[in-house]
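Here's a quick briefing on the chain shown below.

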Amino acid sequence: FCMAAPEAGQTVRVLSMGKAAGRLAEVKQVALLGYDGELTWKQTDEALEIVCPQEIPSPISVVFRIN
C-alpha cells in the first residue's frame with residue numbers, strides 16, 4: 001500500500017524488498033491494482049523499484065500486488 005498516491009512517472013522504492021534484505025524471495029511480477037497495463041520495475045540489492053504509470057487509478061492511495 002502507498003498511502004499517498006505517487007505522481008505519474010515517479011519511481012516508488014520499497015527498501016524492505018531489496019535483494020540484500022534477505023527475507024524475501026525474488027520478485028517475479030508487480031501489478032498496480034485498478035491498472036491493466038504492464039509496469040516497469042526492477043529488484044535491486046537495495047530496493048524494489050516500481051515506475052508508476054501515467055494513469056494512476058486513485059488520487060488518494062495505490063496498492064501494488066507483488067508476486
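Let's start with a charged pair: glutamate 49 makes a salt bridge with arginine 13, with 3.2 Å between the closest N and O atoms. Glutamate 49 sits in strand S4 (residues 48-51) and arginine 13 in strand S1 (residues 11-14), so this pair ties together parts that lie 36 residues apart in sequence. Keep in mind that this is a predicted model.

**Salt bridges**

- The count for this model comes to two salt bridges.
- Glutamate 49 also pairs up with lysine 42, where the salt bridge has an N to O distance of 3.9 Å.
- Put together, Arg13, Lys42 and Glu49 are linked in a network of salt bridges.
- What about burial in this network? Glutamate 49 has a relative accessible area of 17%, and the cut-off for buried is under 20%, so glutamate 49 counts as buried.
- Arginine 13 is partly exposed, at 45% relative accessible area.
- Lysine 42 is partly exposed too, with a relative accessibility of 48%.

**Overall fold**

- How many helices and strands does the protein chain have? Its secondary structure comes to zero helices and five strands.
- The radius of gyration is 12 Å, close to the 11 Å that the globule rule gives for 67 residues, so the protein chain is as compact as a globular protein of that length.
- Reading from the N terminus, the order of elements is β-β-β-β-β.
- Along its principal axes, the C-alpha trace spans about 35 × 20 × 15 Å.
- Take the contacts in the protein chain with a separation of 6 or more: residues 24 or more positions apart account for 67% of them.

**Surface, burial and charge**

- Of the 67 residues in the protein chain, 30% are buried.
- The protein chain exposes about 4,600 Å², and carbon and sulfur atoms supply 49% of that area.
- On the charge side, there are 6 positive and 8 negative charges, and their mean positions lie 8 Å apart.

**Phenylalanine 64**

- You'll find phenylalanine 64 in strand S5 (residues 64-66).
- Is phenylalanine 64 buried or exposed? With a relative accessible area of 13%, phenylalanine 64 is buried.
- Which residues does phenylalanine 64 touch, once its neighbours within four places in sequence are left aside? Its contacts are Cys2, Val30, Ala31, Leu32, Leu39, Ile50 and Cys52.
- Glycine 34 is 30 residues away from phenylalanine 64 along the chain, and their C-alpha atoms are separated by 9.6 Å.

**Alanine 20**

- Where does alanine 20 lie?
- Alanine 20 is exposed, having a relative accessible area of 62%.
- Glutamine 43 is 23 residues from alanine 20 in sequence, and the pair is 10.0 Å apart in space, C-alpha to C-alpha.

How values were computed: Residues numbered from 1 in each chain as written. Predicted model: local features only at pLDDT ≥ 70, side-chain atom pairs only at ≥ 80, totals over all residues. Heavy atoms only, no water. Helix = DSSP H or I, 4+ residues; strand = E, 2+ residues; numbered from the N terminus. Rg over C-alpha atoms; globule rule 2.2 N^0.38 Å. Buried < 20%, exposed > 50% of the residue type's maximum accessible area, 1.4 Å probe, protein only. Contact = heavy atoms within 4.5 Å. Areas by Shrake-Rupley, 256 points an atom, 1.4 Å probe, with all protein chains shown as cover. Lys, Arg positive; Asp, Glu negative; His and termini not counted. Charge placed at Lys NZ, Arg CZ, Asp CG, Glu CD. Salt bridge = Lys/Arg side-chain N within 4 Å of Asp/Glu carboxyl O.
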